[in-house]
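This briefing covers a surface patch, an aromatic pair and salt bridges. Please look at the structure shown here before reading on.

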Amino acid sequence: MSGVMLNLSDTGLAGTVLVLGGARSGKSRLAEACLTALPGPRLYVATGRAWDEEMRARIARHKAERAHAGWQTVEEPLDVPGVLERHASTPALLDCLTLWLTNLLLDERDVEAESVRLLQSLSVRLAPTVLVGNEVGLGIVPDNALARRFRDEAGRLHQRLAAEAARVVFVAAGLPMILKDQKPV
């Protein structure tokens with residue numbers, strides 16, 4: 001895990017870590033560990049929406065877990081770039097990119113334009129940023145157009161972020177695999 005730890009001098013895209021993995025792979029735990037190693041305050045940008053009772057309970061549980069750990073939580077399903085810009089000097093964790101993408105698609109937003117905005121907001125940040133996303137392209141081809149579009153958009157978003165981020169980690173069974181580690185010069 002030491003290869004993905006951050007320091008306070010990591011800023012902009014040089015201070016961006018992209019953590020990908022499947023459901024329950026340990027990616028969020030790894031992402032949180034990257035930032036809890038830094039002194040607070042820390043920002044937790046939560047993109048999930050409470051569509052049903054199970055999701056409401058899940059969100060409440062996550063909020064309670066973070067409350068004692070020194071996180072300031074901002075729940076934002078759509079304007080993630082704006083939140084990252086407004087909190088540019090605070091180390092931030094965005095969990096998760098694929099829920100954000102879901103929200104954009106369901107609200108019929110321009111995914112390309114929002115992806116550009118996200119990259120721009122990351123490039124001007126003055127503190128480290130850790131992004132979490134579900135790798136959804138390892139399974140079968142979905143049986144409907146919306147699901148295929150989601151899979152394709154997620155793949156494009158992750159590739160775009162991976163090309164620009166200094167570090168990319170894939171997590172499987174709780175084990176981090178460093179895919180990219182470009183230390184700032």
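**Surface patch**

Trp-51, Leu-106 and Leu-146 make up a nonpolar surface patch with about 360 Å² of accessible area together. The model is predicted: local features need pLDDT of at least 70, side-chain atom pairs count only at pLDDT 80 or more, and totals for chains, interfaces and linings use all residues. Residues are numbered from 1 along each chain as its sequence is written, and side-chain values use heavy atoms, with hydrogens and water left out.

- Patch residues have over 30% relative accessible area and no salt bridge; like charges are joined within 9 Å, nonpolar side chains (Val, Leu, Ile, Met, Phe, Trp, Tyr) within 5 Å.
- Areas come from the Shrake-Rupley method with a 1.4 Å probe, and for residues only the protein chains shown count as cover.
- Leu-146 belongs to helix H6 (residues 145–164); helices (H or I, at least four residues) and strands (E, at least two) are DSSP runs, numbered from the N terminus.

**Aromatic pair**

- The structure holds 1 aromatic pair.
- Rings of Phe, Tyr and Trp (its six-membered ring) pair if their centres lie within 6.5 Å; planes under 30 degrees apart are stacked, over 60 edge-to-face, the rest tilted.

**Salt bridges**

- There are 9 salt bridges, each a side-chain nitrogen of Lys or Arg within 4 Å of a carboxyl oxygen of Asp or Glu.
- Arg-160 and Glu-112 form one of them (3.0 Å, N to O).
- Arg-160 is in helix H6 and Glu-112 in helix H5 (residues 111–123), so this bridge ties together parts 48 residues apart in sequence.
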